[in-house]
Amino acid sequence: MPQELDGLDEIDRTILRILVQNPRTPYSDIAEQLEEEGFEMSGEGIRYRVSKLFETTSILLLTAPKQHGWEVIRLFISAEDSEGAKGETFEALADMGFWMNCRGIGSFDLYAVATVSSNRDADALIDTVRTLETVSNVEYMIETDRMTTIENYLAQ
């Protein structure tokens with residue numbers, strides 16, 4: 001029986017590893033790979049598990065954005081030191097096309113990620129964030145290379 005960790009068992013982790021490599025992998029191919037690892041599942045069983053994974057996790061399958069002509073931009077944002085500034089900035093970012101927004105404690109207050117089609121679009125997005133009244137500083141990085149080791153994320 002697969003060992004469960006934080007709601008994900010070995011079968012779920014294997015399915016996620018496969019989908020990270022190719023999000024369009026047919027369920028029949030996933031079934032074959034699972035069988036090689038000692039798990040027998042039907043395509044319908046895999047479809048059910050994938051549906052549940054999407055319902056209960058924050059799966060992000062953005063693989064090889066360069067192959068699609070996208071630039072991935074990551075912004076590290078500091079908010080003004082006034083009451084409500086972090087919350088206002090967080091809400092404003094949600095309306096600006098970022099597909100991930102995080103608020104926390106550390107060297108910066110907010111982190112936001114977007115895909116853009118060019119460096120010009122990245123500059124425009126950065127400039128727009130900088131004009132927010134609640135923002136005191138914006139640092140950024142345009143991704144030029146990526147190494148994803150899903151096994152480390154899904155480690156037991």
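Me: What am I looking at, and how are residues numbered?

Reply: It's a predicted model, so local features need pLDDT of at least 70 and side-chain atom pairs count only at pLDDT 80 or more, while totals for chains, interfaces and linings use all residues. Residues are numbered from 1 along each chain as its sequence is written, and side-chain values use heavy atoms, with hydrogens and water left out.

Me: How many helices and strands are there, and what makes something a helix or a strand?

Reply: The protein chain has six helices and six strands. Both are DSSP runs numbered from the N terminus: helices are H or I with at least four residues, strands are E with at least two. Along the sequence the pattern reads β-β-α-α-α-β-α-β-β-α-β-α.

Me: Why is Ile126 called buried?

Reply: Buried means under 20% relative accessible area, exposed means over 50%, and partly exposed is in between (1.4 Å probe, protein chains only). Ile126 has 2% relative accessibility, so it counts as buried. This residue is in helix α5, residues 119-130. Overall, 34% of the 156 residues in the protein chain are buried.

Me: Which residues does Ile126 touch, and how do you know that they are in contact?

Reply: Contact means heavy atoms within 4.5 Å. Setting aside neighbours within four places in sequence, Ile126 has contacts with Ile73, Leu75, Val138 and Tyr140.

Me: What about Ser78: buried or exposed?

Reply: Ser78 comes out at 17% relative accessibility, so it is buried. Its place is in strand β3, and beyond its neighbours within four places in sequence it contacts Ser107, Phe108, Asp109, Thr134, Val135, Ser136 and Asn137. Glu71 lies in strand β3 too, which covers residues 71-79, and with 17% relative accessibility Glu71 also counts as buried.

Me: What makes Asp12 and Arg49 a salt bridge?

Reply: The label needs a side-chain nitrogen of Lys or Arg within 4 Å of a carboxyl oxygen of Asp or Glu. Asp12 and Arg49 have N to O at 2.9 Å, so they pass. Asp12 sits in helix α1 and Arg49 in helix α3 (residues 43-56), so the pair ties together parts 37 residues apart in sequence. Asp12 is buried, at 9% relative accessible area.

Me: Why is the pair of Lys86 and Asp109 called a salt bridge?

Reply: The closest N and O atoms are 3.4 Å apart, so Lys86 and Asp109 also qualify. Lys86 belongs to helix α4 (residues 85-94) and Asp109 to the loop between β4 (100-103) and β5 (110-116), so the pair ties together parts 23 residues apart in sequence. Lys86 is partly exposed at 37%, whereas Asp109 is buried at 14%. Elsewhere, salt bridges with shared partners join Asp9, Asp12 and Arg49 into one network. The rule gives five salt bridges.

Me: What makes the negative patch a patch, and which residues are in it?

Reply: Patches are made of residues with over 30% relative accessible area and no salt bridge; like charges are joined within 9 Å, and nonpolar side chains (Val, Leu, Ile, Met, Phe, Trp, Tyr) within 5 Å. Lys and Arg count as positive and Asp and Glu as negative, with His and the chain ends not counted. A charge is placed at NZ of Lys, CZ of Arg, CG of Asp or CD of Glu. The surface patch gathers Glu10, Asp29, Glu32, Glu35, Glu36, Glu37 and Glu40. Helix α2 (residues 27-36) gives the most, with four residues.

Methods: Accessible areas come from the Shrake-Rupley method with a 1.4 Å probe; for residues, only the protein chains shown count as cover.
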